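Try each task before reading its solution.

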Amino acid sequence: MSSTSSRAFALPLLLVSAPLGLFGCADRAVTVQVRSLEASGDVTFVCRTSDGESLPVRECNLDSMGRGERNLFALVTQKSTGEVAVINVPYNPGALASDEGVVDLDPWTPSFGFARIGARPVDIVSTPGGRASFVGVAEPGRPGLFALPTSCLDTPTQDELPRDLTTWPACSLPAAPASLAVAIDPPAADGSIASSCDRSLGVEGEPPGAMRSQCPASLVDEPGPLGRRKLIVSLPDRGSLVVIDAQAVLDREPGTFEPCPIEVELPLAVDLEGAAPEVVETPAGESCAAPPPPPLDTVYTPRPTGLALEAGTLYVADEGAPVIHVVNVSNACTPMEGPPLLPRAAARPDRVVTTSRVAASPLTPSGRRFVYAIDDTDAPNASVMAFDVSPGSTDRTPIQHTDVTASPVAQPDRVMFGAPARDLTFILRDEPVFDANGIARIGELCDPDPASSSPGVAYRPSSAGGAAPSELRGVFAMVLLTNGEIATIDVEDFDAPCRRPITANPSPEEDFRGCANDPEGIERYTLPNGAPTVTGEVSCDVVEPHRPRSGRRMLTGGSAGTQAPSLRAFPQLAVPESVVRTSFQERPKLLAVDFPTAPARVFVGTTLRQHRVGDEAVAGELIIDPREAENYSLALPWQEPRAYPSSETVTLTYEGVITPELPSGFLTEDGTGGLILEEPTAGLCDRGVLDPELAREVGVERFGLDGEALETFARDHADYIVVTADLLDDADGYWSSASCTFTECRDVFGDLDDDEDENAEDDLPGTDELLPTREFRVVDAEQQRLSVEPRNTADPDRRAELSRLAACCFPSGASYRVRASRQWVVVGSATGFRHGIVGTRVQTETGEWTVECAQGCNTSLRLDESRVFEIAAESCSEQGPRAAELCPVGLATPNDVCVLPEQGPVALDGPGAACIHATPTARFAVYRGAQPSRRDMQFIWQVAGGFLPLTLDLGVVSSAILPERIVSLPQLDRLGVVDAASLGLAFFRLDRLTVITPTLN
Amino acid sequence: MRPAPVPPAALLRAAGLLLAFGSGCYTTEGGTPPPHDIAYFPVGLAVANAARHLVVVNSDFDLQYEAGTVAVLDLDAVRGLTPDPCASDAECGEGRRCDTAPSDENGGVPSRVCVDLEGPYAGLPCGPVPERPLAERLLFPGRCQNVDFARPPVGDSLIVDTVEVGAFAADVLYRERPPSAPPEAPPGRLFVPVRGDATLHWIDLDEDGRLHCGQGARGGACDERHRAGAERDNPRGLRLEPEPFAVAATPDGTGLLVTNQTTGVVSLFVNRWSDEGARLEHAIAELPTNPMGVAALPPPALLALRAEEYPPGFLVTFRNAAEVHLFRYFSEAVAAPEAAYVAQAAVRPLTVNASGVDSRGITVDDFERAHAEAACAARSGVPRSCAADEACLAELSAEQRSELEACLSAASTIPLDVYIANRSPASLIVGRTRPEPGALAATETPVFSDTVPLTQGPSRVLTGSVIVGTAADGSPLYERRVIVVCFDSRKIIVYDPATRQIDTEITTGRGPHALALDTEHGLLYVGHFTDSYIGVVSLDRRFPATYGTMLASFGTPSAPRTSQ
C-alpha cells in the first residue's frame, strides 16, 4: 500500500486547505492523521491460515494470530464509494506488521484500492467457513448481490489483473435488499447435500466457481456445519425474504449481472392474533389516559429489514408493521413463518411500534434465550425492547419490569438511553477459574453461601478480583448508541448472586434494599472470619436482567468513597428575606422517616446515619423526631438504584414554580367571572400542571377524602399562576381606547417599573414580591389553555372585577409562572419536576379536539411524584404567651390533610402517614414549623453516588464519530465497531473495557 | 453554510469592506459596477412562476464589484438546452431518439439522453452545446460544456432581468402572493438577506420575470425602501443586527425570521403584500452565538376552518450550540396593541451525535400531511386550494364543511419531518414532530432521533420529490427525498427517508451551495459558489444512468482570482 495515495490524502488536504487559505504558509508542519476509509457501514470477518486457507472465524484467536498462523480479515463496506475495504486485522494495532492494516487491492494505482462493487452497499455477510462473503447493494436501478471470494482478499500479484467491478461474481435482485443472513440447507438423511432447493437437480459437485484461475471459491467442502449455504435476503419493498444459493452466486461469470437465482420467496405475514391490547395497570386500578391502541384489523404492509439468525430461527425486524417475524430456517429451503413477536409500548398503547434491527442472544447457561429489538420511532430516543424466546416461553410481547421508577424516560417495557440506539449485539463471556483438576464450567454462578464449597465460591469478590461491575462474566447485550457510546445491559450475569448487601432478608417482602427471599439460615453473607462473600453493595437490585448495568460497585464508605446514593451533607433550608429572622423551631422541618421494615438510614458523606430504635446505641445517630432534631434529613432508599442520576442537586420549595416563566399567555374573560389563559405553545399538561380534577384524584387515592373535604382539598391544592408581566407604558396609545386605565391597573396589579432597582440584574422582582392580585387559581387545565380565577378573593363581584381588569390590563401575550398551591415541590437538577400527567385527546360535542390533562399510562410516574404535603399537629404542650412559637410541629389549620394528634414524629401507620413522601429516591416528611410555611422557602440537598451505567465510549478517541454497527468477536474477547465518520473500524477490549488505539481507518 | 476558501488578499479586502458595511455605510457609488450577464459567487437560487423562471442571487463575495446582483433566467430556455434523459426512443418524441448505442457522434460512449435524428446536431448528446473535454470533467462534472447566460449557442439571452443588491448576499427566499393578499399585490416577492449592508432586500417579481425594487433603470440598484432593516423606521426603533444570514417565512409570506450570524440574534420582519413591503419588527437576543439555519413550520390546513390559537413557528439551528430553538411569531392581529413579536417557545437539545454542534441548514417537510390534506379536499369535492381559502370555505355546505373539518383534523396529526445538516460530525440529523389535535402548537417541537453519516461539509438541506416512475396515464410518479449539499466534498447527498438509505451521491463542481428543485421536470439546479456557475442535475430515477448526474451547466465558470 502507498501512504502517499491520493485517497489517503484527500480528506487531510481538505482539512488543511482551509487554514492555509486563511493564513498563508505555516512555519510548522501540521501532523494529519492519514486515513483511507470513508462512510463505513458494515463489517464481516473471515479467517485464513498463513497459506491462504479459509477457516471458521473462531479459529482466528489472539494466540493463533500472535503466532502468525492465522490472519483475520475485516471486510468493511464503504457506503459512499460503493466498495468493500479489506483490513488485515493486526495483532497489535500499535505496531503494525508489514502485511497488517488496510490492504491495497490495486497497488498500481495511487490510493488504496478497495473491492469495487455496486453503489449503496447495505449489508455484508460471510459463510460459516469463511470461503466467501456477500454484499447486498441497493444502487438505484441496479440492486443486487456481489460475492467476494476470500481467496481474492490479497494484493494481486503481477500476473493477476487488478481487482475491479468485474472481478466479482454478481447478480441482480428484483428489489433493493436490506439485510443478509447465511442459513444452511442440511444434508438429506443419507448424508447427501443437494445442489439446489429443487432436489431434482441432484447433489452438489465441483462447482464452476472453484475452477477459476483467479479468485476461485467453492463452498462445497468449506469448514463449518454440513449442508448447502443459502443466502437469505430481506427485500423491504416486496415485503418478503428470498433464499438464494450462495454457491450459485459464486458460480456467476464475473462481470455479469443477471438476475439472482431465487429459489424460494417467502412473503411475510402480519399476524396480529394475540396482540389484543392489555389493560394497563395503575396504582388505583383505573385505566390511564391514552388514546386506544390501533385496531387489530388495521392493514400493515410488512417491510422486513434487519435479520438475526440464531439456532435455526430467523428474527426479522419490520419497519412497516408492528411485528418481529419469526421464521424457522432450520431447513433454509423451506422457511416457515411462525407467530411473530409483538412490539408494543405499554406507556403509549396507541403507538404502532416498528423495529429496524434485532439481535438474538445465545442460549444462556440457564437455558434462556432473548431477542432484543430497536424501536426506532420511540421518543425522545430510539429504545431497546427485550423479548423472551426461551424454549417454552409463550409471551410474545416485550418483557416488563414491575419496579421501574423515577426517570421520565424510564418505561417498564423498554430501555432508553441518552442517545438513540443504533445497533446491538450480545456477548457471552466468562473467565473460568479452573479447579485443581484443571476443570471449569462455563457459566458457573458465583456462590455467596458462606457454608458452600461449590466451584462458584471461586468467583466471590476478593482483593484479587471476582464479582465486580467491570467483570463481564455472563450474557450481556451491548447497545451501540448514535453518540458513540456502548451501553451494557445485564441479561444473565453469572456473578449476580454475589452482587448484593451482606445482610440477608429471608422475608418474602422486599426491604429497603430490594432484598427478599434469601435462603433461611443465612443471616449475613460473611465467613466466620468476617470476610464478606458478597460485594457488600447497598442493594439487591444492582444487577437486574434486561436493565442497564451499573458501572460502579454501589457502596459508600471506607476506601470506596461515595459510590452508593448518599447525601453530600444534611439538607439546608433557605428562607425568603422576610422570614430570615425566624428561629429553627419556627421553621418547617424536613426529616427522614423509617422504612416499613427498618429504621431510617442514610449516608451523609461516607458516614452511615441511622435512626436508633430502642435503647441500642448506634454510631452516627439520625434523629427523625421533630422535637429533638437539630439537622434536616431524609432517607435514601436503595431498592431502585437506577432511579438515582449519578449526582443531583434537589430542591424542595414551598409553593415552588413548576414551569419557568412562560412568555405569551393571552388572558380573556370567560363570561362567568373567570379567565381563560391561552398559551398555544406551553404544553401545560406535559409540564405537570395540576388542576382541581387531578387534585381530586390525589385527594381520593392518597388521602381517602370525599365530599366537601375532597372539594376543599382540590380547590386548595390545584396549581395557580402568577402573572409576571409588566404593564404597558403609561404613554402607550392603548390606554386611550381601553376599558381600563393605566392608573387603575397599576393600583390593582402594581407596576413593575416602580420596583426596579437600577443595580438589579433582573428587571423583574421575585414573584414573592408581586401583589396577590396577580395570582389566579387553575380551575381547569388543558395542554394549551387554562381556566383560571382570582385566587385570593371569595367575593364573586370582586372576582369578576379582577378578571375583567386582568384581561384589560394585560392585553397582549403576558408572561407568567405556574406554582403549586399549599404544598412543597421537589425538583431535581437532573430529573426535573417529575409527574405522571400527560395530555390526552378529548373530542368535544362539536367534534373539536381538546387535550385535557390526565394521569398517564407510564406506571413509573405518579402524578404527585414531586408534590409534598406537610404535616401539622393537633396540639402543643407548650404553655405561655409564646407557646405557639415554640411548638416543634406547627398547629393544624382547617382543611389540613395530615394532622398528628400530638407533637412527635409521624408513625408509619398512624395519622399523617399519607403525607410521608416515599419515592424511590427519597423518603421523608415535612413538618410544619411554628410559623406558617412561606412561598419560596426551600430545602436544598445534594445526592451523590447515583447510578452510573457501564458504558464504553468511542468519544475518548474522537468526537467526529457516527457509529453504524457493532459486532462481537468472542475469539478475540473484543467488540468491533464500525464508524462512518473518522474512526473506521474500532475494537474494544472486553477484559479492560477500553478502546484499542489506533483504530483501523 | 460554510464560505468557500478565498485568497487571503480577498479576505482582507472583504473584511475591511465588511467592517464598513457593518456600520451601515453601504453605497452603490464609486466602485466597479457588477456584470449582469454572469453568475458571480452565487449564494441563492429560487424557482419561480410555475418553474418558468430561475432566480440567481450573486453575492460578489470577493468584493471585486460594488454590488451583488439578482438575475432572473428563462427556465424554458435553460431546459431547452439541457439534455433529456431517456431509456428508449419512446421517451424522446418525434424527430429524436435515445442515445443508447455507441456511435461516432457520442464518441463511442452512449449518453442515454435524447438526441436529434437529423439536422446539424443529429446524434450529438449535448445538441448545440459542445462536449466538455474528458480532462475537464473532474473539475467540471458533466458531459456538456457551460452555456453562457447571455450568448447561448441557440436562441436569445437566458437572462430575463437583473437588479443590483448589496454585496455579500447570503440567501434568497421566494413567496408567491397568498390568496389573502389583495389582487393588486405583486404575484411574487423575493427576500434577500444581505450581509454587506445588514438588510433584508425585498424585490417584487412579476409573471414575466421582471424584478421591481425601486431600481432607477433596468439593472440598477434596489432603492433604500427595499432594503429593510437599514433604518429604525419601525415601532421598536430597531436596526437589523450585522450579518443577516438565512431567512424563512410563513407560507403566506407575512412573517419572516432572519438569523444574524455573529450576534446571536434572530430578527422578525413582517411583510405586507403592498408597497410597504417588509419591515423589521422585533428581535430576540441572548441566544447562543451563531444562529444559522432557519425553517418555518408549515401550519396545518385545519386552521383555516377552525379559529385555533396557532402562532406560526420557526426552527433555528446554531453553530455553537447543539440545540434547535423553536420560535413563535405573534402577528399584529394577536399582539395588539403591541407590534408583532417573536417569542422563544422551546429549546430541544441535539443529543443524537457525540458533539452535535455546528448545525447548518434546516428544513421541515410537510409532504405527507399536505398530501393527506389534498385528499381531504378531494373527498369533500372541493379544490385543494379551497382548504386554505376562507371565501371558498364560506361557500361550502354544512355537511361538506363538517366532513372536511373531520378529515383535516385527522390529517393535522400527521408528523412533520425535520432535517438538519450538521458538520460536527458530518451528518444529517433527522427529527419528527408529534402533533396532537387540540394542542398543535404545543406539540410541534421536533424530537431528533436519528443521524445519517454524510461526507465532509454539509451546509444546506432541502426536501423535495424525485421522479421514480410513470403512472398508467403517463404522468410521473414521485417519491420524497432529502437533499443535502456538502460544500467541502463537492457532493450532494440524496437521502430516501422511507428506506432510511442514501439514494445517491451527486458529484458536483467546486463549491456547491445554493439549490433549487424543479420537481415537475425532475431537475435540480445547483449554484457552484467557487467557480460561479449553475449546474443542472437529473433527479429522474426512471433513468438510472443519468440519475444524479450533471446534465448541463450554465454561466461561464470563473475561478477565484488567485487560483486563476
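**Exercise 1. A pair of strands**

In which sense do β21(B) and strand β22 of chain B pair, and over how many bridges?

Solution. The structure is a predicted model. Step one: locate β22(B), which covers residues 417-423. Step two: read the direction of the pairing, which is antiparallel. Step three: count the bridges between β21(B) and β22(B); there are five. As a check at the level of residues, D365(B) lies opposite D417(B), a residue of β22(B).

**Exercise 2. Confidence**

What is the mean pLDDT of chain B, and where is the pLDDT below 50?

Solution. Step one: the mean for chain B is 89. Step two: 93% of the residues of chain B reach 70 or more. Step three: residues 1-26 of chain B have a pLDDT below 50. This stretch still has 55 contacts in the model beyond near neighbours in sequence. Step four: for the model, the scores are ipTM 0.85 and pTM 0.89.

**Exercise 3. The interface**

Describe the contact between chain B and chain A by residues, area and polar pairs.

Solution. Step one: chain B gives 59 residues to the contact and chain A gives 58 residues. Step two: the area buried between the two chains is about 4500 Å², and carbon and sulfur atoms give 55% of this area. Step three: P337(B), R434(B) and P453(B) supply 12% of the area that chain B buries against chain A, more than any other three residues.

Step four: there are five salt bridges between chain B and chain A. One of them joins E505(B) to R120(A), with the closest N and O atoms 3.8 Å apart; the cut-off for a salt bridge is 4 Å. Polar contact across the interface is found for 14 residue pairs.

Step five: several elements of chain B give two or more residues to the side that touches chain A, among them α6 (398-411), β23 (426-432) and β28 (501-507).

Key
Residues are numbered from 1 along each chain as its sequence is written. Chains are lettered from A and ligands numbered from 1 in the order in which they are written. This is a predicted model: local features need pLDDT of at least 70, side-chain atom pairs count only at pLDDT 80 or more; totals for chains, interfaces and linings use all residues. Side-chain values use heavy atoms; hydrogens and water are left out. Two strands pair if DSSP finds at least two bridges between them. Helices (H or I, at least four residues) and strands (E, at least two) are DSSP runs, numbered from the N terminus. pLDDT is the predictor's confidence in each residue, from 0 to 100. Contact means heavy atoms within 4.5 Å. Buried area is the accessible area (1.4 Å probe) that two parts lose on being put together, summed over both. A salt bridge is a side-chain nitrogen of Lys or Arg within 4 Å of a carboxyl oxygen of Asp or Glu. A polar contact is a pair of N or O atoms within 3.5 Å; within protein, one must be able to donate a hydrogen and the other to accept it, and residues adjacent in sequence count only if both atoms are side-chain atoms.
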